[in-house]
Amino acid sequence: MTDVVTTINLAAIYGLIGVGISLTWAGLGFLNLAHGVTFAAGLYGAWWAQENISDHPSVIFLGGIVVGAIAGTVVWLSVFVPLDGKPNWDTRSIVASLGLAIIGVNTYFLVFGPQRKAIEYLFGTTKFKLAGSTITADKSGAIISASVVMLLVVVALVRSRIGLGVRALTQNPEGAALVGIGRRQAAFAILAVSGALAGFAAVLLSQVFYPEPNIGYLPLLKGLIVALLGGLGSIPGAVIAAFMVGATEAVTAHYLDQSWVLLTQFGLIAIVLLVRPRGVAGILEASRA
Amino acid sequence: MTPVLDLRKLSAGYGPLRVLHEIDLAVAGGERVGLVGLNGHGKTTLLRSVMGLVDWRRGEIELDGKSILRTPAHRLARAGIVLMPQGDALFPGLSVRDNLDSGAFAAGWRERKKRRDRVLQLFPRLADRLDQAAGTLSGGERRMCSLGRGLMPDARIFLIDEPSLGLAPGVAAGLYSTLKELDLAGGTLILAEQNQTLLEGWIGKIVRIHGGRIVGIEPGGAPSDGGPAVDEGRRTGT
């Protein structure tokens with residue numbers, strides 16, 4: 001039971017990060033390696049809000065989300081706007097986002113120093129028992145709030161005008177241009193929302209991942225795994241992949257050791273992509289046909 | 001009268017390849033123009049170069065007297081130029097409804113629904129397929145979906161690239177009977193078509209393209225032998 005809760009908890013949070021990477025890649029052809037730095041920006045934003053405004057959970061959350069969105073906007077301004085439409089956009093954007101990530105990490109060192117910061121318990125310290133195992137408030141709080149946010153993203157994608165634009169862009173960039181969807185505008189929406197989601201995920205992980213300059217690397221890696229496994233651009237794929245990745249992590253950590261987690265997760269990718277090169281989205285499509 | 005769309009000495013191509021050679025073509029508002037010529041002689045490139053979907057262009061393209069050479073495709077779409085391209089450029093994973101709705105991207109949802117209903121009257125086949133992914137449609141339905149999407153916005157210039165391509169003759173004929181009846185509300189139509197007989201009787205002007213050059217402009221309606229006439233290209237419509 002504990003494994004199940006851990007799985008759902010990790011899945012919810014990795015899903016938030018993975019969806020951003022997946023949408024950015026599918027919609028813009030941009031593998032955003034600065035997403036980890038965006039995650040870290042959200043953490044620092046939450047910490048900064050706690051220290052300077054109020055330690056009320058809503059303020060901390062807002063700090064993480066807003067600063068995450070701002071960091072996403074910085075990626076848009078410094079990578080997408082100058083490079084989009086130039087030859088070799090796909091490789092150049094990877095290199096530029098990697099450069100931005102390095103600059104970001106070193107900026108964190110410069111401004112905040114290497115020390116870890118602490119963020120309050122956001123969902124209190126209550127615990128309750130379910131089917132014989134103890135569930136902490138921050139796990140259940142993370143699961144519920146992440147699911148709600150994820151649902152909101154899906155609804156926005158399906159229902160809103162800009163959501164239709166983003167989905168169209170992931171399907172056929174030329175067709176999107178022909179119906180009047182501006183790539184730059186859509187890119188802004190994708191990167192800012194991805195940043196906000198990463199910031200939100202960062203706050204949810206703030207009990208485990210303390211704000212420190214290099215904190216973004218592991219979440220970036222997990223997000224990439226989720227995006228790859230899910231099939232790029234597929235939200236349902238990313239959600240299912242997040243569960244697979246979360247389950248792998250929970251089971252590996254329980255029966256082997258935490259240090260084996262990345263190994264088994266990459267093993268999972270290798271197997272799934274061998275069978276279905278388009279990831280979970282490919283499996284979904286095959287079963288529909 | 002200023003032409004709505006004015007191409008002057010327009011050359012265009014892909015990489016080192018030059019497909020169009022100094023095209024001069026002026027199209028007046030409300031005109032229906034047929035681009036006729038063999039495959040690979042520049043019809044598609046001519047339409048795509050208006051939208052900027054080619055590697056390079058030289059010369060001038062004006063919309064209402066203003067140069068649009070530096071305007072990106074999505075801005076042109078918003079300015080009322082709609083291209084229904086070869087290969088349809090649909091969104092295969094999205095439903096037919098979403099594909100159609102994307103055509104009226106800028107409109108409010110009420111207006112979108114109104115226009116979608118109008119399109120569905122033209123292509124009733126699509127009404128049964130609204131929730132189906134566009135990628136699962138048959139070739140003819142896909143073309144209908146693409147044309148339908150192109151008819152969703154409040155466009156003034158319709159560029160249609162070989163709507164009959166790849167379709168069974170019966171399906172193509174059905175599609176053309178719909179196109180003929182189309183009320184473009186004073187809009188301008190430029191239609192590329194290899195098979196000139198499909199244009200006879202309803203297209204006002206036939207522009208012959210051969211080897212990337214305009215080799216003849218003649219009034220539509222008259223039956224012809226279909227071969228590329230050797231004629232000096234001239235500017236019309238001004």
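Modeller: Let us begin with contact: two residues are in contact if their C-beta atoms, placed from the backbone, lie within 7 Å. The model is a predicted one. By that criterion Leu159(B) touches Leu47(B), Val50(B), Ile81(B), Val82(B), Leu83(B), Met84(B) and Ile190(B), not counting residues up to four places away in sequence.

Colleague: What makes Leu159(B) part of a nonpolar core?

Modeller: A nonpolar core is a set of buried nonpolar residues of listed types, Leu and Ile among them, joined through C-beta atoms within 7 Å. The largest such core has 154 residues, and Leu159(B) is among those with the most contacts inside it, together with Ile13(A), Ala201(A), Val226(A) and Ile81(B). In soluble globular proteins, nonpolar side chains tend to be buried together.

Colleague: Why is Leu220(A) called buried rather than exposed?

Modeller: A residue is buried if 20 or more other C-beta atoms lie within 10 Å of its own. Leu220(A) has 22 other C-beta atoms within 10 Å, so the term applies. Leu220(A) belongs to helix α9 (residues 217–230) of chain A. Beyond four places in sequence, the contacts of Leu220(A) are Leu33(A), His35(A), Gly36(A) and Phe39(A). Thr24(A) lies 196 residues from Leu220(A) along the chain, and their C-alpha atoms are separated by 13 Å.

Colleague: Which residues of chain B other than glycine have a positive phi, Lys9(B) being one, and how is Lys9(B) classed, buried or exposed?

Modeller: Lys9(B) has a positive phi of about 45°, and Ala89(B) has one near 50°. Lys9(B), in strand β1 of chain B, has 11 other C-beta atoms within 10 Å; the limit for exposed is 12 or fewer, so Lys9(B) is exposed. Ala89(B), in the loop between β6 and α3 of chain B, has 21 C-beta neighbours inside 10 Å and therefore counts as buried.

Colleague: What does α6(A) give to the side of chain A that touches chain B?

Modeller: In the contact between the chains, 15 residues of chain A meet 20 residues of chain B. Both α6 (161–171) and α7 (173–178) of chain A supply at least two residues of the side of chain A that touches chain B. α6(A) gives the most, with six residues. By class, this side of chain A has six nonpolar, six polar and three charged residues.

Colleague: What makes β1 and β2 of chain B paired strands?

Modeller: Two strands pair if DSSP finds at least two bridges between them. Strands β1 (residues 5–14) and β2 (residues 17–27) of chain B have seven bridges and run antiparallel, so they pair. Asp6(B) has Ala26(B) as its bridge partner in β2(B). The two strands form a hairpin with two residues between them, and Gly15(B) in the turn has a positive phi of about 55°. β1(B) is also joined by seven bridges to strand β4 (residues 56–63) of chain B, again antiparallel; there, Ser11(B) is partnered by Arg58(B).

Colleague: Why is the six-stranded sheet of chain B called open, and its pairing mixed?

Modeller: The order is β6-β7-β8-β3-β9-β10, and the edge strands β6 (81–84) and β10 (213–219) each pair on one side only. Neighbouring strands are turned by 15° against each other on average, direction ignored. Within this mixed pairing, β7 (residues 157–161) and β8 (residues 188–193) of chain B are parallel over five bridges, where Ile160(B) is partnered by Leu191(B).

Methods: Residues numbered from 1 in each chain as written. Chains lettered and ligands numbered in written order. Predicted model: local features only at pLDDT ≥ 70, side-chain atom pairs only at ≥ 80, totals over all residues. Helix = DSSP H or I, 4+ residues; strand = E, 2+ residues; numbered from the N terminus. Axes fitted to C-alpha atoms, helices over the stretch in contact; angles between N-to-C directions. Nonpolar A, V, L, I, M, F, W, Y, C, P; charged D, E, K, R; others polar.
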